[in-house]
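Here is a short report on one protein model. Look at the structure first, then read on.

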Amino acid sequence: MADPPKSPTLRARYDDRQREVLDACARAFAERGYAGTSIDDLIEATGLARGGLYHYIGSKSEALTRILDDLMGPLLERAAAVVTGPEAPASAADRLRALTRVWMRQVESHRDHVLLFEKERAVLREGPSWDAVRHDRETFESLLRRVLDDGVETGEFALDDPSLVALALLGMVNHAALWFVPGGRLDADQVADGFVDLVLAGVRPATEAPGPGRTRSAGRAGRVTP
């Protein structure tokens, strides 16, 4: 991969084009599988000549690493802000909702990236970028666990196994990449709220009545296909 331009204007154009190229690569990988996608497939997907493709991605494996960075980097930054930042909600339930909304919005904007990650874990484990991928995933999971643990400590949540609840929510949100349709009946925040309402219904203390589900009053603004 060539060094990006030093001029701020040219660098901005380069970054925008590189992002478009990586998005196209992510889509190809998600559709064909990483092993089943050739450089010729990436040339077709991006509309670039071979030299132009290498200029932006360096190699097929470098493209995979960069795609995962584009998925996890912004997610971790936004997730940390709503869990530990100065503007983080006070209650654990509200932090869980804010975190899940951030997460589901990333699924919406990076659907192919999420599908690639879910489908190609075995490939990733064999590659040089796995340590960084695992670290990012563990960092996100630790933020989710922190919210659940905080809820237990404050008495908001009554659960014996926060790790199991975290895994359940991870499965729901990540699996949503398979069926969520942007512009459908529910938007990303409404889907996130539905997941959180489902979780909260099972983890609130028995004496506390669950709040009304956010998705039930959200209207019918489109379509979600299973």
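How much space lies in the largest cavity? About 160 Å³.

## The model

This is a predicted model, in which local features need pLDDT of at least 70, side-chain atom pairs count only at pLDDT 80 or more, and totals for chains, interfaces and linings use all residues. Residues are numbered from 1 along each chain as its sequence is written, and side-chain values use heavy atoms, with hydrogens and water left out.

The pLDDT is the predictor's confidence in each residue, from 0 to 100. The protein chain averages 87. A score of at least 70 is reached by 90% of the residues. Over residues 212-226, pLDDT stays under 50. The model has 30 contacts (heavy atoms within 4.5 Å) for that stretch beyond four places in sequence.

## Two cavities

Rolling a probe the size of a water molecule over the atoms shows where empty space is left. On a 1 Å grid over the protein atoms alone, a cavity is a set of points where a 1.4 Å probe fits but cannot get out. Lining residues have an atom within 4 Å of a point. A volume is the space filled by probe spheres set on the points, which are joined across faces, edges and corners. The structure holds 2 cavities of 30 Å³ or more.

The largest cavity is lined by 13 residues. Met72, Leu75, Trp103, Arg137 and Asn174 lie nearest its centre. Helices here are DSSP runs (H or I, at least four residues), numbered from the N terminus. Two or more lining residues come from each of α4 (60-84), α5 (92-109), α6 (111-119), α8 (130-154) and α9 (162-175).

The second largest cavity has about 30 Å³. Its lining is Thr65, Leu68, Asp69, Ser129, Ala132, Val133 and Asp136.

## An open pocket

A pocket is an open set with protein on both sides within 12 Å along at least five of seven lines. The second largest pocket holds about 190 Å³. Among its lining residues are Asp15, Arg19, Arg66, Asp70 and His113. Helices α1 and α4 each give two or more residues to this lining.

## Two crossing helices

Helix α1 (residues 8-32) and helix α3 (residues 50-57) have axes that come within 9 Å and cross at roughly 105°. Axes are lines fitted to C-alpha atoms, for helices over the stretch in contact, and angles run from 0 to 180 degrees between N-to-C directions. The two helices are therefore roughly perpendicular (65 to 115 degrees).

Key
Parallel < 35°, antiparallel > 145°, perpendicular 65-115°, else oblique.
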